[in-house]
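This report describes selected local features of one protein model.

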Amino acid sequence: METFELLGFNINAWITIVTVLSMFSILLFTKLRSDLVFLGAIAVLFVTGVLDAKEAFSGFSNTSVVIVGVLFVVVSGLTHTGVLQWIVKNLLGQPTSYGKAVVRLMVPVAALSSFLSNTTVVALFVGIVKMWSKKLNISPSKLLIPLSYASGMGGVCTLIGTPPNLIISGLYADKTGTAMNVLATTIPGLFCLFIGVLSIIAMRRLLPDRTAPEAAFEATSEYTVELLVPSDNPNIGKTLAAAGLNDIRGGHLIEIIHFDEMVTPFDNDEPIMGGDRLIFAGQIDEILSLKKSHGFVNADHHVFTMSEVSRNRQLRTAYVTPESSLINKTIGKSTFEKDNNMTLVAVARRGKRINMSPREVVLRAGDTLLLECPPRVNINTKELSSQLHFFDSEQVPNISRKTLISTTIMIAMVVLSALNVIPLLECAFIAAIAMLLFRCCNPDQAMKAINWDILMVFAGSVVLGTAIQKTGIAEQLAFGVLDTCGNNPIVVMTAICFVGTFITEFISNTAAGAMFFPIMYEAAEKLGYEPYPFLIALMVSVSSSFATPIGSPTHMLVYGPGGYRFSDFMRIGLLMNIIILAANIFIVNIVYPLTPLQ
């Protein structure tokens, strides 16, 4: 078995190739959790003997993975003291043109993403950008894609801005014993950001002009009907079931107002009283037929509005996340409403309300739901956030002395690490401990902020990179690139970066960075050049995924709120990929001239 070879690869290499391809396929075509997929891949490589125990679990002790975990605590401190929310509120302003609006949006988003989680930054900005776009009279779809792009391009400007940078720099340090500076990618990243902003302004006509999903919910009188029970109505004293109101065609009863007191939830035995206000949701024409069949009349005032929040309930909009278990199901056949104490009022798809009973709509990823909720419902629980993303989920804390403290901690961490006074890992730990000591966040908030799923993916990415290098796959691919592209280092660099950019459209950029590191490193050494510039170019390329909504978690954050279609990203994203790739290769070779190995 050890001497078996096919196409230059031994049995362990083929096991690794099949494992990686299977993992890609599962991530692309199923809804299995990515952390479980990576854990399964590690298990296969360990059980088959491709990796020994130390190698199989090396990712969990990798410096870069630990840094990412600790940074979650730092970000928790910044979030809970209102630093991020203050920045969002005070930076956007009132620009007078689309070009100025793009600059005012992308620059601060990129700056924040250079030091913080891209996903956190975009999640904070989505709701603000939607409100801001109304003030500017610009469709949100014209600004939400630039928002997501800016977070990705800003992330590459520092080593801590995006996970692939940490992974690649950590692997480089393991290989050479030399740590990269935290600002190693700053100049290339800023140049690519500059080119990216100009490109979006120039290609703004390629950005779709979609109707915001919740625009269908701005006037609730258009899809909710409020009917009054006259004092002489024959249904008075009957239960909802007896009156046939528990199952009406084209809609459903969502609220009852008894003597100005809201009744929700209610059951089929709820009695009907004179003067009751009955609020229905669904198809208007079907519901209005109740006036004739049941003797109801129009209420003199429509009280169930988006702006009217009582002590008993409030309306919130949310979109169905790509990993939601509600996809391909109807709310009526699930226990979602009962489990979360919510009532589905309406469903919109691509900005248009669906004219049928909301509970009968088969839900899709990106559908926008209007939900009636108790005012204190916790919409940030892990269980609920995996199903829906609420537009108003970010609470704005009060700005206080702790806001200044957490800001100082973050700045100190970045400066001390950038000047090589204290290594980044130690800086991150000190910053996290300081956030806890100064009560910028409490231990529970800090632990909840750590995304263990993401850490599992990071660790798995490191292990896959180890397997690719150990089995000789990286070396064979490096030789293959050299045979195809010749001995021109810039051509080789461009070819690998191009493939990396393409691959990262379909898989995690962290996984792409870990897998392409050994390939790029081996190729540079085979050509006789120092790998450092090649790896800087790789960092930028694996974070440059613009052409598909699945290319980045931030794209999926804006996909539903923007009312986008899959093709919307491709129209502008394919050109952006090429433009940023060219800018990347150009600037890296200027800032970091190729140096022959000693």
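## Strand pairing

Two strands count as paired if DSSP finds at least two bridges between them. Helices (H or I, at least four residues) and strands (E, at least two) are DSSP runs, numbered from the N terminus. The model is predicted: local features need pLDDT of at least 70, side-chain atom pairs count only at pLDDT 80 or more, and totals for chains, interfaces and linings use all residues. Residues are numbered from 1 along each chain as its sequence is written, and side-chain values use heavy atoms, with hydrogens and water left out.

Arg 349 has Lys 352 in E10 as its bridge partner. Strand E10 (residues 352-353) pairs with E9 in the antiparallel sense over 2 bridges. E9 is also joined to strand E11 (residues 368-373) by 5 bridges, again antiparallel; here Thr 343 is partnered by Glu 372 of E11. Of the 7 residues of E9 (residues 343-349), 6 are buried, so the strand is largely enclosed by the rest of the structure. Buried denotes under 20% relative accessible area, exposed over 50%, and partly exposed in between (1.4 Å probe, protein chains only).

## Positive phi values

Most residues other than glycine have a negative phi. Asn 328 has a positive phi near 65 degrees; it lies in the loop between strand E8 (314-320) and helix H13 (336-340) and is exposed, at 58% relative accessible area.

Arg 439 also has a positive phi, of about 60 degrees. Its loop runs between helix H16 (424-437) and helix H17 (443-449), and Arg 439 is exposed at 65% relative accessibility.
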